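Subject: Structure for you to look at

Hi,

Here is the structure I promised to pass on.

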Amino acid sequence: MSGDMNTMSNETTKEVVSRRGFIGMGSAALAAAGMLSAEAGAQEQTEKPYPKKGDKSASAPGPGNREIDEQNPDSFLPPQTDAGGVQTFKYPFGISHKRMQEGGWSREVTIRELAVSKSIAGVDMRLTAGGVRELHWHTAAEWSIMLYGNARITGLDADGKSFVDDVSEGDLWYFPTGIPHSIQGLGPDGCEFLLVFDDGNFSEYETVLLTDWMAHTPREVLAKNFGVSEQAMGKMVRREKFIFQAPVPGPLTTDQKSTAGSLGLSPVDFSFRTGKMPPTKKTKGGEVKIIDSSKFKISTTIAAAIVTVHPGGIRELHWHPNADEWQYYMAGQGRMTVFATGGRARTMDFQAGDVGYIQKTLPHYVENTGATDLKFLEMFKSASYQDLALSEWLAHTPAELVMAHLGIDKATYDAIPKSETVVMPE
Ligand code: MN
Ligand code: MN
């Protein structure tokens, strides 16, 4: 809709009042004088003059960062529908601190970086071929997706049985609270992966590390515990390693055989191959794979959706009744508006490597604003994935009731998709 008064189409009003008089009088006075129909009045209220790109009042002659402005057009010049204060829901991994070590690096986005992200924290980690994220566990559960390359993961189930597996791009793993595990980069070029924890307050730097534990236990106690001499403990590590370089491990079957022992390997599958799974829903606009504990049994506290939106497509207007949503953008670019109730709404732009967050039940959409596929993760602290779409809500509500609310005609109502599409167009 245009903000220009000249486009006002109410001919009667134009006849009665000159343009100057019309502007001078204001809509309230016009309505009171009976010169403005109810419809024209409603239209006039929404058509405030609003700066557009190129207008003087939209310009920003002071200090700024052109690259950031260009990547965030909906912050530089917000849509007119944005209003009020909405807590910031974007944080790029690109500006989080990177902890560098020989063998790889780690960076995290937690509640300390992104204040709204109370229920989930994320870690982006790179390991070289042979690089090890050392043996450890933590109080949060860990879900992960391999973003690049190959790794070997090890774990021990609650019955003390061993798990060793190799994972590649697109594969997932999940380690419950307190279950010890490790990750090691394989050839040819190690790996990079995203870790997702079911606690926004989590920190990857405050986990139970094997080396840290040993470094803080008296040597004579270690000797007694292992049934060896104190001398044998002489070269025991004296500080934590976290990430370190080691030789690339041998064949998977060798490691599986050597760790099985008399108990045998764990019957629990801590990994999941998304590549072997067909899309849960596929439309002209894109596709989604939903992976929760109904598919990936061990993942009882984290549910995921892997969403692809083609250029011009949109992850439809929807909300999640059961949990906050933590997002990670994997490819392309898009924008999202979060409607935060009480007339408040904010639109932010996202690129690969960004984290997004939506509080439980708040409506949102994600639109592909680029020329390539937009791919992102929707993550929830929940055993099951749940969402409701605006279209399915309206389609399953009496037509007359919906039309009375929205001012749309029957043909428009009938055109609304009858069931959840997930990614439009259908
Ligand atoms: Mn871990
Ligand atoms: Mn969502």
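A word on accessibility before anything else: I call a residue buried under 20% relative accessible area, exposed over 50%, and partly exposed in between, using a 1.4 Å probe and protein chains only. This is a predicted model, so local features need pLDDT of at least 70 and side-chain atom pairs count only at pLDDT 80 or more, while totals for chains, interfaces and linings use all residues. Residues are numbered from 1 along each chain as its sequence is written, chains are lettered from A and ligands numbered from 1 in the order in which they are written, and side-chain values use heavy atoms, with hydrogens and water left out.

The overall picture
The chain has 12 helices and 25 strands; these are DSSP runs numbered from the N terminus, with helices being H or I of at least four residues and strands E of at least two. Of its 426 residues, 46% are buried. If you take contacts (heavy atoms within 4.5 Å) between residues at least 6 apart in sequence, 73% of them join residues at least 24 apart. The accessible surface is about 21500 Å², and carbon and sulfur atoms account for 56% of that; the areas come from the Shrake-Rupley method with a 1.4 Å probe, and for residues only the protein chains shown count as cover.

The metal site
Ligand 1 is a manganese ion, coordinated by His136 (NE2), His138 (NE2), Glu142 (OE) and His181 (NE2) at 1.9 to 2.2 Å. Donors here are N, O and S atoms within 2.8 Å of the metal (3.2 Å for Na, K and Ca), and as water is not among the atoms, sites may look incomplete. Along the sequence the donor residues follow the spacing H-x1-H-x3-E-x38-H. His138 sits in the loop between β5 (132-137) and β6 (142-156), and His181 is in strand β9 (residues 181-185), so this pair ties together parts that are 43 residues apart in sequence. Both His138 and His181 are buried.

Salt bridges
There are 17 salt bridges in the structure, counting a side-chain nitrogen of Lys or Arg within 4 Å of a carboxyl oxygen of Asp or Glu. Arg335 is worth a click. Its side chain meets that of Asp74 in a salt bridge, 2.8 Å from N to O. That one links distant parts of the chain, with Arg335 in strand β19 (residues 333-339) and Asp74 in helix α6 (residues 73-76), 261 residues apart. Asp74 is buried at 9% relative accessible area, whereas Arg335 is partly exposed at 21%.

Arg335 also forms a salt bridge with Glu367, again at 2.8 Å, N to O. Glu367 belongs to strand β22 (residues 364-368) and Arg335 to β19, so the bridge ties together parts 32 residues apart in sequence. Glu367 is partly exposed, at 25%. Through shared partners, Asp74, Arg335 and Glu367 form one network of salt bridges.

Elsewhere, Lys282 pairs with Glu287, the closest N and O atoms being 3.3 Å apart. Lys282 is exposed at 61% relative accessibility.

Helix α8
In α8 (residues 219-226), Arg219, Leu222 and Ala223 are buried. Seen down the axis, the buried residues fall within an arc of 100 degrees, so they line one face of the helix; the arc is taken from the directions from the helix axis to the C-beta atoms. These buried residues pack against α7 (210-215), while the face turned away from them carries the exposed Lys224 and Asn225. After α8 comes Gly227, with a positive phi near 70 degrees.

Cheers
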